[in-house]
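Hi everyone, thanks for making the time. Please have a look at the sequence and the model, and then I'll walk you through a few places in it.

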Amino acid sequence: MALGKFENGIEAHKNVVADAIEHHGVHVRHVPGYAYTVGCSDLGLPELLVENMPREQSDELLKLLFLAASRRDTPARSWNEVAVVTPKPGFESMPRDQVKARLFDARTHYGHWNISAVKVLVPGVLRD
């Protein structure tokens, strides 16, 4: 590492998240065991988190839900109003301590922990 050059990794990552939201409306972060969104709060909805689902499936599900919510004629008041997949998933509010422990990219993007999130409960997918 060159001593004369400092790279702020947090700022660089914040830019990656912001670029994804600017170009796609949503950023999906995959970590071992779960995936979550950043950008749903801009629609007035909680962020989404899905557990124990393969990367491709979780990516498709989260982006599909976001797309359906963003293209509504009237804003959805909850994810239960956004029925786009069969079987229809359930949604479970996440306590603030779980949000803080798991949604780091959301904190980086929004600059605070005042973030609401829900777990997407997909029939047939094991829950922790």
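**A walk through the model**

Let's start with Val 82, which sits in the loop between H2 and strand E4 (90–93); helices (H or I, at least four residues) and strands (E, at least two) are DSSP runs, numbered from the N terminus. A quick word on the ground rules: residues are numbered from 1 along each chain as its sequence is written, and side-chain values use heavy atoms, with hydrogens and water left out. This is a predicted model, where local features need pLDDT of at least 70 and side-chain atom pairs count only at pLDDT 80 or more, while totals for chains, interfaces and linings use all residues.

So, is Val 82 buried or exposed? With a relative accessible area of 4%, Val 82 is buried (buried means under 20% relative accessible area, exposed over 50%, partly exposed in between, using a 1.4 Å probe and protein chains only). Leaving aside neighbours within four places in sequence, Val 82 is in contact (heavy atoms within 4.5 Å) with Leu 65, Ala 68, Ala 69, Arg 72 and Ala 76. Take Ala 68: 14 residues separate it from Val 82 in sequence, and their C-alpha atoms are 6.6 Å apart in space.

Next, the cores. A nonpolar core here is a set of buried Ala, Val, Leu, Ile, Met, Phe, Trp, Tyr and Cys residues joined through side-chain atoms within 4.5 Å. The largest one has 22 residues, of which Leu 48, Val 50, Leu 61, Trp 79 and Val 120 touch the most other members. Strand E3 (47–51), helix H2 (55–70) and strand E5 (117–121) each supply at least two residues of this core, and H2 gives the most, with six. A second, separate core has 13 residues, including Val 17, Tyr 36, Val 38 and Tyr 110.

Back in strand E5 we also find Lys 119. Which side of the cut-off does Lys 119 fall on? Lys 119 counts as buried, because its relative accessibility is 12%. Not counting residues up to four places away in sequence, Lys 119 touches Glu 51, Glu 92 and Arg 102, among others.

Last stop, the aromatics. The structure holds two aromatic pairs (rings of Phe, Tyr and Trp, its six-membered ring, pair if their centres lie within 6.5 Å; planes under 30 degrees apart count as stacked, over 60 as edge-to-face and the rest as tilted). Tyr 34 and Tyr 36 make a stacked pair, because their ring centres are 6.1 Å apart and their planes are at 25°. Both count as buried, Tyr 34 at 14% relative accessibility and Tyr 36 at 1%.
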